[in-house]
Amino acid sequence: LHFVNIKIVQQGHPIDIAQNGKPLEILIEYDVQQKTTGLRVYFDLCDNERTLLFRSFHDEDNDGIPTVEPGRYLSHAFIPQDILAPANYLLIIHATIHNVRTIEPHDGICIKLTVIRTGRANRAYLSDPIRGKLAPLVPWVTRKIS
C-alpha cells in the first residue's frame, strides 16, 4: 500500500481548522499494488499527549475479512458534528494487513487537528469552557414531576 493523499474536509472543502458544530470528513487515497486479504486502513484520534481517544478502521462494519484487488482506492471516514470538544488533536493515519504486518510508516502519518467551538454543547454558558476531550450533545429530557 502506498498513501497518495490525505485530506480533512468540512462541507466539501479542505480545512486547516475544524469546527466542532459541523461534521468532519477524512479522505484517505491510496494505491494497492497486489491482491491483499485483510488490508485495514484506519486512524487514531489522540489528544496532544497522544492518549488514544478512539480508533476507527475502514472495514469494521464488514461481515467478513475482505480481499482487495490492485488499484487506487479512496476511503472516507465521517466524524459527526457535536462530538469533538474545542481542542488540539492528533489524527494518525495507519494501514496494516491483519495479523501479518504494519505498513510503512510504522508510526503512521500524523496530522495536527485544531477544533474550534461552534457546536451546540453548553451553548447556554458560552463563557464556561468545555472541560473534556469530547463534547457529544447527549439527549436529555427534564420534566417537573410534582
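Modeller: A nonpolar core here is a set of buried Ala, Val, Leu, Ile, Met, Phe, Trp, Tyr and Cys residues joined through side-chain atoms within 4.5 Å, where buried means under 20% relative accessible area, exposed over 50% and partly exposed in between, with a 1.4 Å probe and protein chains only. This is a predicted model, in which local features need pLDDT of at least 70 and side-chain atom pairs count only at pLDDT 80 or more, whereas totals for chains, interfaces and linings use all residues. Residues are numbered from 1 along each chain as its sequence is written, and side-chain values use heavy atoms, with hydrogens and water left out.

Two strands count as paired if DSSP finds at least two bridges between them, and β10 pairs in the antiparallel sense with β6 (residues 39-47) over 9 bridges, with Ala95 as the bridge partner of Val41. Strand β12 (residues 109-116) pairs with β10 in the antiparallel sense over 7 bridges, and there Ala87 stands opposite Val115. With β11 (residues 101-102), β10 forms 2 antiparallel bridges, in which Thr96 is partnered by Thr102; the two strands make a hairpin with 3 residues between them, and Asn99 in that turn has a positive phi of about 60°.

The largest nonpolar core has 26 residues, of which Ile26, Phe43 and Leu113 touch the most other members; strands that each supply at least two residues of this core include β10, β6 and β12. Taking contact as heavy atoms within 4.5 Å, and leaving aside residues up to four places away in sequence, Ile26 touches, among others, Phe43, Leu91 and Ile93.

As for charges, a salt bridge is a side-chain nitrogen of Lys or Arg within 4 Å of a carboxyl oxygen of Asp or Glu, and the count by this rule is 5. In one of them Asp44 meets Arg55 at 2.6 Å, N to O, linking β6 to β7 (residues 52-57) across 11 residues; Asp44 is buried at 7% relative accessibility, while Arg55 is partly exposed at 39%. Salt bridges with shared partners also join Glu29, Asp31 and Arg72 into one network, in which the side chains of Asp31 and Arg72 meet at 2.7 Å, N to O, and those of Glu29 and Arg72 at 3.5 Å.

Methods:
Helix = DSSP H or I, 4+ residues; strand = E, 2+ residues; numbered from the N terminus.
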